[in-house]
Each structure stands twice: as structure tokens, then as C-alpha cells.
Amino acid sequence: MKRSEINRIIRDAETFVRAQGFFLPPFADWTPQEWQSRGPEAAEIVHNSLGWDVTDFGLGEYEKKGVLLFTIRNGTLEELSKGVGKVYCEKILVCNPGQMVLHHFHWRKTEDIINRGGGKLEIVLHQADANGRLSNEDVRVNCDGLWHTVPAGGRIVLSPGESITLRPFQYHQFSALEAPVLVGEVSTVNDDASDNHFLEPVGRFPQVEEDEEPYRLLVIDYPRYYPYARGSRAG
């Protein structure tokens, strides 16, 4: 992806998120220059991969296969294993019509996917088999406290305010219907380095062509700008 495209996507997302009445933490607005001046007090943001994340899954088709994310808070696997501290994660995503978040499941993470505003969100579901492929089994999911049984390849459509809980080994692919959607995600600790399994081999982070200066840093940019970035999961 070209940096100019990433910059445009983030600017558009900032406008859309504000229009939905949702507010991001202060570090969402830090410029690359501000990042360079930050000390060790900001290390958790970097080491826990908080912040802007734009991906086309390495396919070069962001408008069809891609998503913008912002990780607001996230703990560590060490905290999760001990059951103390930040054992949770929260993100927002911006999904546009015609754009898919590709089929994947998580080995460990349980997550709530929440429609926080905009249009409707369609989620396609499959259970994974023992080999991590698509199963023909029905999928049992909970939506806002109510249990649903969905056939393999079935769909759940979430209107604003509605949510679905997805457990490990439950494949999900989602996209916005007709209008952009602000998607919330509340989960156990997120680990993009080892907990994502995509149905087809793809990259998690984009290859960036630097045709202009960054407007906001992506999580993969931290090692180049932040002096205390060693150990960042995204780096």
C-alpha cells in the first residue's frame, strides 16, 4: 500500500468515527514528530500494539479485502496467563461496503464483535475442523445473550447496537452492507503475532510504499520513530 493511501484512509476514518460520536484516546492524534519526542512513559502503547492499523492483507486490494483498525487498549499474554492485570483488549474497526475482512479464526481469543454505528454488518460463519479448515458443522453463537445455531456458511446480520460473541476455532468473515460500519471489538488479550489463522495464506500487515510522510503512525511504524520500541509485537 502507498503511504498516501494509508494517510487518506486514516483521515477518512477519523471523520467517520467522530460522526458516530465515538472518541479515541489522545495518542490517536500524535504526529510522527511527537512520537520521536516521547519517553518510556509511552512504552505500553508500543509494546502492546495500541494505535492505528491499516491492512490489505498483503493483497493490494484494500477496497475489496482490507480493514482499518485502532487498538484502544490491550494486555499481554503474561497477564492473561496469570489472570491479573489487563486480560482484555478493545478495538474499533471501520468497514466499508464492498470490503471484506477475510475468513479467519483465533486459536485462543474470545471476542465480541459489536456494531457501534452506521449501517448493518454481515458476518459469515463456519466452524473449523481438526485441521483448521472449514467444517460442515453448525455454528453455535451467542448474540447479546441469546443463543443461535447457524448452518455452515450461514450469516448473522448485526444492526447498530447488536453484537455477537465468537469463540476460538469459529471462522468469521465480515463486511458492511450498504453503508460504512463502526465496528467495536472487546476480547481477551489480542496477539496478532500468533493467534490469527486465515483460511487462505495472507499477510497480516501491509507492505508500505513510502511516497509521502506518515500522517499518523501505524503500529508497524513504531520501531522507526519511537526510541523505546524494542520488543513491540508489531515490529
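## Lysine 64

Lysine 64 sits in the loop that runs between β1 and β2 (67-74). The model described here is a predicted one. Lysine 64 counts as exposed, because its relative accessibility is 53% and the cut-off for exposed is over 50%.

## Salt bridges across the chain

Side chains of opposite charge can pair when their charged atoms come close. The structure holds 18 salt bridges. One of them joins aspartate 29 and arginine 216, with the closest N and O atoms 3.9 Å apart. Aspartate 29 is in the loop between α1 (3-19) and α2 (32-37) and arginine 216 is in the loop between β11 and α5, so this pair ties together parts that are 187 residues apart in sequence.

Aspartate 53 forms a salt bridge with arginine 204, and here the closest N and O atoms are 2.5 Å apart. This pair also links distant parts of the chain, with aspartate 53 in strand β1 (residues 51-55) and arginine 204 in the loop between β11 and α5, 151 residues apart. Both aspartate 53 and arginine 204 are buried.

## Glutamate 200 and arginine 133

A further salt bridge brings together the side chains of glutamate 200 and arginine 133, at 3.9 Å from N to O. Glutamate 200 belongs to the loop between β11 and α5 and arginine 133 to the loop between β5 and β6 (139-143), so that distant parts of the chain, 67 residues apart, are linked. Glutamate 200 counts as partly exposed at 47% relative accessibility. Arginine 133 is likewise partly exposed, at 39%.

## A network and a negative patch

Salt bridges also occur as a network, which links Arg3, Glu210, Asp221 and Arg224.

Glu209, Asp211, Glu212 and Glu213 form a negative surface patch. Of these, glutamate 212 lies in the loop between β11 (196-198) and α5 (222-225). Glutamate 212 is partly exposed, with a relative accessible area of 36%.

Histidine 126 is placed in strand β5 (residues 111-127). Histidine 126 counts as buried because its relative accessibility is 12%, and buried means under 20%. The side chain of histidine 126 makes a polar contact with the side chain of histidine 103, at 3.3 Å.

Glutamate 185 is found in strand β10 (residues 170-188). With a relative accessible area of 6%, glutamate 185 is buried. A polar contact of 2.9 Å joins the side chain of glutamate 185 to the side chain of lysine 109.

Conventions: Residues numbered from 1 in each chain as written. Predicted model: local features only at pLDDT ≥ 70, side-chain atom pairs only at ≥ 80, totals over all residues. Heavy atoms only, no water. Patch = residues over 30% accessible without salt bridge, like charges linked within 9 Å, V, L, I, M, F, W, Y side chains within 5 Å. Areas by Shrake-Rupley, 256 points an atom, 1.4 Å probe, with all protein chains shown as cover. Salt bridge = Lys/Arg side-chain N within 4 Å of Asp/Glu carboxyl O. Lys, Arg positive; Asp, Glu negative; His and termini not counted. Charge placed at Lys NZ, Arg CZ, Asp CG, Glu CD. Helix = DSSP H or I, 4+ residues; strand = E, 2+ residues; numbered from the N terminus. Buried < 20%, exposed > 50% of the residue type's maximum accessible area, 1.4 Å probe, protein only. Polar contact = N/O pair within 3.5 Å; in protein donor to acceptor, adjacent residues only side chain to side chain.
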